[in-house]
Amino acid sequence: MAAVWQQVLAVDARYNAYRTPTFPQFRTQYIRRRSQLLRENAKAGHPPALRRQYLRLRGQLLGQRYGPLSEPGSARAYSNSIVRSSRTTLDRMEDFEDDPRALGARGHRRSVSRGSYQLQAQMNRAVYEDRPPGSVVPTSVAEASRAMAGDTSLSENYAFAGMYHVFDQHVDEAVPRVRFANDDRHRLACCSLDGSISLCQLVPAPPTVLHVLRGHTRGVSDFAWSLSNDILVSTSLDATMRIWASEDGRCIREIPDPDGAELLCCTFQPVNNNLTVVGNAKHNVHVMNISTGKKVKGGSSKLTGRVLALSFDAPGRLLWAGDDRGSVFSFLFDMATGKLTKAKRLVVHEGSPVTSISARSWVSREARDPSLLI
């Protein structure tokens with residue numbers, strides 16, 4: 001029932017902008033402490049019905065404390081009509097599927113009118129103009145997401161909260177990538193330009209390195225977990241990709257790059273993990289079949305620069321690729337054949353490398369959904 005405490009935390013986050021408006025630091029500390037307590041409470045094993053009852057009561061008490069929850073014509077009401085398919089945790093918290101009595105509460109949603117957002121945006125822009133050069137300046141479309149976080153200060157909302165553990169087995173070379181296993185916060189891996197990949201376990205304490213994967217003759221530039229976390233794919237500056245078994249760290253297959261070029265990035269196709277997309281230093285993107293070791297017919301395309309970043313959307317129908325000249329390309333991915341069809345090109349910043357791309361759906365329905373984090 002971990003989802004219930006996440007829903008409770010989402011309720012608290014929704015009201016956090018209205019809690020002690022003159023003390024933003026307290027609001028940030030409050031939501032962190034609530035998260036910690038709810039995580040601990042989730043391990044207690046309370047009956048599901050009791051947790052859902054607490055969720056309903058919590059929402060009702062916050063509604064009574066901070067005022068009415070819905071406004072006709074609000075930004076949230078408008079957004080609901082165009083993003084009903086959103087799958088974020090915050091959206092799911094309104095679906096009390098096991099209790100018919102909760103249906104009447106579905107209309108009670110904390111809202112802020114369009115005029116309020118516009119006014120807040122104007123006030124924030126005035127503050128941004130006085131900020132020193134180089135500071136982070138969100139755009140006006142981020143107002144709703146900032147309100148959900150409870151404050152306009154990014155430095156507070158994303159403040160560093162302490163050190164859990166330090167892995168130092170790659171101190172002699174750079175570590176280009178660190179990834180948690182899919183749906184597993186206790187396992188992570190990192191690759192290094194020393195030519196190895198480390199598989200690490202965080203729980204039980206103390207955190208340990210389970211396996212060090214060795215075999216690449218040059219630095220490992222990127223890697224990815226399969227959907228079931230049973231295998232990893234890695235790319236290297238030695239112009240090869242390797243398939244590894246995560247259970248024992250053995251190399252299952254080595255596949256050379258079709259162009260004989262340095263491989264710089266990789267990602268699994270989310271639905272069909274038999275297909276992996278790689279990007280190389282000769283500006284090419286290739287869809288590879290890891291079972292046969294061959295590239296897919298029609299699954300190649302050329303970018304304007306060295307391919308540094310790749311990301312699929314969740315259904316696996318859209319692929320984005322970023323290069324070292326500041327461009328991001330979108331591709332339509334044929335689920336049946338693996339064929340790539342180039343769609344659009346976006347110049348993020350001419351001449352500045354795009355080092356990472358992630359497709360995300362945000363917790364706020366007012367924010368554009370989904371979004372690319374570049």
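**Reading sheets and buried residues in a predicted model**

Mentor: Among contacts in this protein between residues at least 6 apart in sequence, 49% join residues at least 24 apart. Please keep in mind throughout that the model is predicted.

Trainee: How many helices and strands does the protein contain?

Mentor: The protein has eight helices and 18 strands. Of its 374 residues, 42% count as buried. The protein exposes about 20300 Å², and carbon and sulfur atoms supply 55% of that area.

Trainee: How should I read a sheet, and which strand order is found in the one that includes β5?

Mentor: In general, strands of a sheet pair through backbone hydrogen bonds, in either a parallel or an antiparallel manner. In this structure, β5-β6-β7-β8 is the order of an open sheet of four strands, and the pairing is antiparallel. From one strand to the next, the twist averages 20 degrees.

Trainee: Which strands stand at the edges of that sheet, and why is one side of each left without a neighbour?

Mentor: The edge strands are β5 (220-225) and β8 (251-256); each has a single partner strand, so one side of each lacks a neighbour in the sheet.

Trainee: What joins β5 to β6, and which residue stands opposite F223?

Mentor: Strand β6 covers residues 231-236 and runs antiparallel to β5, with five bridges joining the two. Within this pair, F223 faces S234 in β6.

Trainee: How many bridges join β14 and β15?

Mentor: Strand β14 (residues 318-323) and strand β15 (residues 327-333) are paired in the antiparallel sense over five bridges. Here G322 is placed opposite V328 in β15.

Trainee: Let me turn to a single residue. Where is L319 found, and is L319 buried or exposed?

Mentor: Burial is judged by relative accessible area, with under 20% taken as buried. L319 is found in strand β14, and L319 counts as buried because its relative accessibility is 0%.

Trainee: Which residues are in contact with L319?

Mentor: Leaving aside neighbours within four places in sequence, the contacts of L319 include T267, V277 and V285, as well as L310, S311 and F312. F329, S330, F331 and L340 are also among them. As for spacing, L319 and A343 are 24 residues apart along the chain, and their C-alpha atoms are separated by 9.7 Å.

Trainee: May we compare a loop residue? Where does N273 lie, and why does N273 count as buried?

Mentor: N273 lies in the loop between β9 (263-268) and β10 (275-280). Its relative accessibility is 19%, and therefore N273 counts as buried, since the cut-off is under 20%.

Trainee: What surrounds N273, and which backbone atoms lie by its side chain?

Mentor: Neighbours within four places in sequence aside, N273 is in contact with S226, L227, S228, F268 and I290. A polar atom of the N273 side chain lies 2.5 Å from the backbone nitrogen of L227. The backbone oxygen of Q269 lies 2.7 Å from a polar atom of the N273 side chain.

Conventions
Residues are numbered from 1 along each chain as its sequence is written. This is a predicted model: local features need pLDDT of at least 70, side-chain atom pairs count only at pLDDT 80 or more; totals for chains, interfaces and linings use all residues. Side-chain values use heavy atoms; hydrogens and water are left out. Two strands pair if DSSP finds at least two bridges between them. Buried means under 20% relative accessible area, exposed over 50%, partly exposed in between (1.4 Å probe, protein chains only). Contact means heavy atoms within 4.5 Å. Accessible areas come from the Shrake-Rupley method with a 1.4 Å probe; for residues, only the protein chains shown count as cover. Axes are lines fitted to C-alpha atoms, for helices over the stretch in contact, and angles run from 0 to 180 degrees between N-to-C directions. A polar contact is a pair of N or O atoms within 3.5 Å; within protein, one must be able to donate a hydrogen and the other to accept it, and residues adjacent in sequence count only if both atoms are side-chain atoms.
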